[in-house]
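Here are my notes on the two-chain model you sent over.

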Amino acid sequence: MHIKILGPGCKKCQLLLENTQQALATLGMDASIEKVSDYAAIAALGVMSTPALVINERVVASGRVLDSQEIAHLLLQA
Amino acid sequence: MDSFAWLNDQLLRMNWLSDLVRLLIEKVFGLDMASRLGGSLHFFIYDVIKIFILLSVLIFVISWVQSYFPPERTRRILGGMRGFRANLTGALLGTVTPFCSCSSIPLFIGFTSSGLPLAVTFSFLISSPLVDLASMILLASIFNWSIALAYVVVGIVLAVLGGSLIGRARMERYVEAFVTQHRALDLPVEQLTLADRLRYARQQVAEIIQRVWLYILIGVGIGAAIHNWIPAELISDLIGQNNWWSVPLATLVGVPMYADIFGTLPIAEALVAKGVGLGTVLAFMMAVTALSLPALIMLKKVVKAPLLALFFTIVVVGITLIGYLFNHFAYLLL
């Protein structure tokens, strides 16, 4: 599983990253996490509001910080 | 109409709070309200509490409304429009779409690469930080409803005209090449439940309060100082009604400042109380919110100097004109 956190590196992106790591830990899942802060790359994925969460190349949320429960839910669906 | 006035006084202006703080100053601290210390303490405590209460309630409600207008949706709405109607809609949607300077770049790329004209994108970019529902209600709370509505109307007019002028200038070649390299994907708008929206609204309140509390304290502190410590003559000599340079000076001082409208309102309130023209004060507030150094630096990453300069000039000139206009016609509003 491949996860991307999109955002220029503001506080919200950091929070989303932490929540994602927590969700993975809770589920006992293993995934590679990539932080994407390049604007062109973010825009190429169609995202206009950051932070955004991408699981296996699919944008699952943008413009808000998901809590670890929501992320866990999305991870199980992926 | 009387019950509306009462609601306005108690809920928005919070006269009850002003009375409570007055009691605190007079009975507990034993200070005279007419004294400098008593007066500025009252201004500080009352304003800080009032702004924080209004801010929390407003951000909560507004974020909930905004969760219905993600930029993806705005882009889709704007994509089907042309000309003046597109500019006006862009400016209006700018008031309800959630905006933070850190996502202005992906937003700009997303709009431009999907084929929206520069005119519409800039109408949106001008109105988005300048006019929002929270600033309108706070203006109504500190001044009155006619001023709040006038502020919104001139803000929208500036956004529509500014965007149109930029469109006329045909500056597409001054957009950085990488912006239009990828055609933006059209993401489906997320389906959020009511619980999701409320959680988002709560997060926004916490996040915005964390970001702006210091600006508010500084703003109210400056306001309290202006209110009671700086002589009125000094202020009117510097930025009084009779000086032609008051409005441009207020605008230029405001431009590099990076603060929230919530921090500038108490300063505005104190300046108007000292007899500074309403237009001068509004020009300062608009300059602080619409343009800031960090925002311009961000924008520089996606547009080249000539376009950035045009955008900057149009907004500065527009704000200055609005300032003169308000100074001239303030008697109709106050």
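1. Chain A has three helices and four strands, and from the N terminus its elements run β-α-β-α-β-β-α. Helices (H or I, at least four residues) and strands (E, at least two) are DSSP runs, numbered from the N terminus.

2. Before going on, the ground rules: this is a predicted model, so local features need pLDDT of at least 70 and side-chain atom pairs count only at pLDDT 80 or more, while totals for chains, interfaces and linings use all residues. Residues are numbered from 1 along each chain as its sequence is written, chains are lettered from A and ligands numbered from 1 in the order in which they are written, and side-chain values use heavy atoms, leaving out hydrogens and water.

3. On overall dimensions, the C-alpha trace of chain A spans about 35 × 25 × 15 Å along its principal axes. Of the 78 residues, 55% count as buried; buried means under 20% relative accessible area, exposed over 50%, and partly exposed in between (1.4 Å probe, protein chains only).

4. Now contacts, meaning heavy atoms within 4.5 Å. Taking those in chain A between residues at least 6 apart in sequence, 64% join residues at least 24 apart.

5. Have a look at helix α3 of chain A (residues 68–77), where A:Ser68, A:Glu70, A:Ile71, A:Ala72, A:Leu74 and A:Leu75 are buried. What covers them? The cover includes β1 (2–6), α1 (11–27), β3 (52–55) and β4 (58–62) of chain A, together with α11 (194–228) of chain B.

6. A:Gly9 sits in the loop between β1 and α1 of chain A. With 57% relative accessibility, A:Gly9 counts as exposed. Its C-alpha atom is 8.6 Å from that of A:Lys35, 26 residues away along the chain.

7. Chain B has 17 helices and zero strands. Its radius of gyration is 21 Å, close to the 20 Å from the globule rule for 334 residues, so chain B is as compact as a globular protein of that length. The C-alpha trace of chain B spans about 70 × 50 × 35 Å along its principal axes. Buried residues make up 53% of the 334, and among contacts between residues at least 6 apart in sequence, 82% join residues at least 24 apart.

8. One helix pair to check in chain B: the axes of α3 (residues 36–66) and α14 (residues 261–273) come within 11 Å and cross at roughly 140°. That makes α3(B) oblique to α14(B). Axes are lines fitted to C-alpha atoms, for helices over the stretch in contact, with angles from 0 to 180 degrees between N-to-C directions; under 35 degrees is roughly parallel, over 145 roughly antiparallel, 65 to 115 roughly perpendicular and the rest oblique.

9. Which residues meet there? From α3(B) they are B:Phe43, B:Asp47, B:Lys50, B:Ile51, B:Leu55 and B:Ile59, and from α14(B) they are B:Phe262, B:Pro266, B:Glu269 and B:Ala270.

10. Last one: B:Thr89 lies in helix α5 of chain B (residues 83–96). At 16% relative accessibility, B:Thr89 counts as buried. Leaving aside residues up to four places away in sequence, B:Thr89 touches B:Ile77, B:Leu78 and B:Met81.

How values were computed. The radius of gyration is taken over C-alpha atoms; the globule rule is 2.2 Å times the number of residues to the power 0.38.
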